[in-house]
Amino acid sequence: RDGFEGERFHYMLANPPFGVEWKDQKSVVEKEHALHGFSGRFGAGLPAINDGSFLFLQHMLSKMHPAPKDGGEGSKIAIVFNGSPLFSGDAGSGPSNIRRWIIENDFLDAIVALPDQLFYNTGIFTYVWLVTNRKAAERRGKVQLIDGTRFCERMKKSLNNKRNEINEDQIRHLTRLYGAFRDGETAEVVID
C-alpha cells in the first residue's frame, strides 16, 4: 500500500479476542520463548495465562517488514485491545516487560481510547494501539494518546451489548487528530 507520503509499506490489522486464555498453547509458547528469545516471537516476555493479547501483538511484531533504517519498507500495525494490556501486571512481570520492550524500541506510535458498547458481546471500553517500526522524525521517542471515548452516537436499535457506533465524520475527525499530532488538541462533541 502507499504510505502517507507516497512511500510504500506494510499494514497489519487485528482484533484479537479479549481475555482469552492461552493455556492450551502454554508448552509451545514457553518452549519458543526459552529456546529462541528475541529470535522467536515471544522474546519480550510472556503475559498472564488468562490473557493472550500480548502474544498476539508480539506475533504481529515478529512479522513486520524491516524498518527503513535497515533497508526495508517498515510496517504499521493497528490492533484493538481491551484495557488489560494497558494496565495488567506489576513492574517486572511479563506484561510490564512486554510494554517496556515495545516502548523502549519506540514501536508504540499512538493509543486511541474508543467508546464503550461498540462490540456485540461486550460493553467494555476498547483501545486501538498503533504500532510501527517506521515513525516519522517528529514522532520518535513519543506516544500519542487520543481520547476518542465520546466520538460515538447511540444506535437506534442495540445489538446485544453493542449500543454505540462511530460514524464516518467521527472516524475522519479521529484520523485528523492522529495525523495532526498536536499536543493538547481538543474537540467539541455533542452527546445525545
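Predicted model: local features only at pLDDT ≥ 70, side-chain atom pairs only at ≥ 80, totals over all residues.
Which residues does Val131 touch, not counting residues up to four places away in sequence? Taking contact as heavy atoms within 4.5 Å, Val131 touches Leu57, Leu61, Ser75, Lys76, Ile77, Phe107, Leu108 and Asp109.

Residues are numbered from 1 along each chain as its sequence is written, and side-chain values use heavy atoms, with hydrogens and water left out.

Val131 belongs to the largest nonpolar core, which has 20 residues, and is listed with Leu57, Leu61, Ile77, Ile79, Ile102 and Trp129 as touching the most other members. A nonpolar core here is a set of buried Ala, Val, Leu, Ile, Met, Phe, Trp, Tyr and Cys residues joined through side-chain atoms within 4.5 Å, and buried means under 20% relative accessible area with a 1.4 Å probe, protein chains only.

Let me turn to a charged residue, Lys135. Why does Lys135 count as buried? Lys135 counts as buried because its relative accessibility is 7%. The side chains of Lys135 and Asp106 are joined by a polar contact of 2.6 Å, that is, a pair of N or O atoms within 3.5 Å, where within protein one must be able to donate a hydrogen and the other to accept it, and residues adjacent in sequence count only if both atoms are side-chain atoms. A polar atom of the Lys135 side chain also lies 2.8 Å from the backbone oxygen of Leu108. Not counting residues up to four places away in sequence, Lys135 touches others as well, including Arg140, Gly141 and Lys142.

Terms used:
Buried < 20%, exposed > 50% of the residue type's maximum accessible area, 1.4 Å probe, protein only.
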